[in-house]
Amino acid sequence: MKKIVVGGQIDKKEVAELVEKYAQGKFEVETKSDLEAAMALKNGTADYYFGACNTGGGGALAMAIALVGRPKTATVSMPGKIMPEEEIREQVTSGKVAFGFTAQHKENVIPILMDELSKLS
């Protein structure tokens, strides 16, 4: 079973609950500090990383970018702007494994990310 770790700076509990809801039992979900979550991704003990913050890329993805590299990460929303659904899906299918978004957009982007990830597992 694939594992998703929830890191980032804010709303971890709410993000994890939404991920679990849309995972429909197909993914294991665990909440960690952003450093622990990024390390799990780097070490292969987790397959995907979700993080939320106020900007979508700073505190949400900083540790993941540092540990797995920018090419493996995607900011799918930032204040006032959500990436179009087709582009979010392309981020997943192109091999991105860490996804950052603003906490305000979690209910918009998590269902799309989970739908696309479920097609890969």
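Both Phe50 and Phe99 are buried, where buried stands for under 20% relative accessible area, exposed for over 50% and partly exposed for what lies in between, with a 1.4 Å probe and protein chains only.

A word on the source. The model is a predicted one, in which local features need pLDDT of at least 70 and side-chain atom pairs count only at pLDDT 80 or more, while totals for chains, interfaces and linings use all residues. Residues are numbered from 1 along each chain as its sequence is written, and side-chain values use heavy atoms, with hydrogens and water left out.

Now to the aromatic rings. A pair of aromatic rings is described by the distance of the centres and the angle of the planes. Rings of Phe, Tyr and Trp (its six-membered ring) are paired if their centres lie within 6.5 Å; planes under 30 degrees apart are stacked, over 60 edge-to-face, and the rest tilted. How many aromatic pairs does the structure hold? The structure holds two. In one of them, the ring centres of Phe50 and Phe99 are 5.9 Å apart and the planes stand at 80°, so this pair is edge-to-face. Phe50 belongs to strand β3 (residues 48-53) and Phe99 to strand β7 (residues 98-102), so the pair ties together parts that are 49 residues apart in sequence. Helices (H or I, at least four residues) and strands (E, at least two) are DSSP runs, numbered from the N terminus.

Phe50 also pairs with Phe101: the centres are 6.2 Å apart and the planes at 90°, so this pair is edge-to-face. Here too distant parts of the chain are linked, with Phe50 in strand β3 and Phe101 in strand β7, 51 residues apart. Phe50 has a relative accessible area of 0%, and Phe101 has a relative accessible area of 0%.

I turn to the helices. The axes of helix α1 (residues 12-23) and helix α5 (residues 106-120) come within 9 Å and cross at roughly 35°. Such axes are lines fitted to C-alpha atoms, for helices over the stretch in contact, and the angles run from 0 to 180 degrees between N-to-C directions. Contact itself means heavy atoms within 4.5 Å. On the α1 side, Glu14, Val15, Leu18, Val19, Tyr22 and Ala23 meet Lys106, Glu107, Ile110, Pro111 and Met114 of α5. The residues of this contact of α1 with α5 divide into eight nonpolar, no polar and three charged; Ala, Val, Leu, Ile, Met, Phe, Trp, Tyr, Cys and Pro count as nonpolar, Asp, Glu, Lys and Arg as charged, and the others, Gly among them, as polar.

Helix α4 (residues 85-93) also meets α5: their axes come within 9 Å and cross at roughly 40°. That makes α4 oblique to α5, given that angles under 35 degrees count as roughly parallel, over 145 as roughly antiparallel, 65 to 115 as roughly perpendicular and the rest as oblique. The residues of the contact of α4 with α5 divide into seven nonpolar, one polar and five charged.

Finally, the two single positions. Is Gly25 buried or exposed? Gly25 is exposed, with a relative accessible area of 56%, and is found in the loop between α1 and β2 (27-31). Val29, in strand β2, is buried, with a relative accessible area of 15%. Leaving aside neighbours within four places in sequence, Val29 is in contact with Ile4, Val6, Ala16, Val19 and Glu20.
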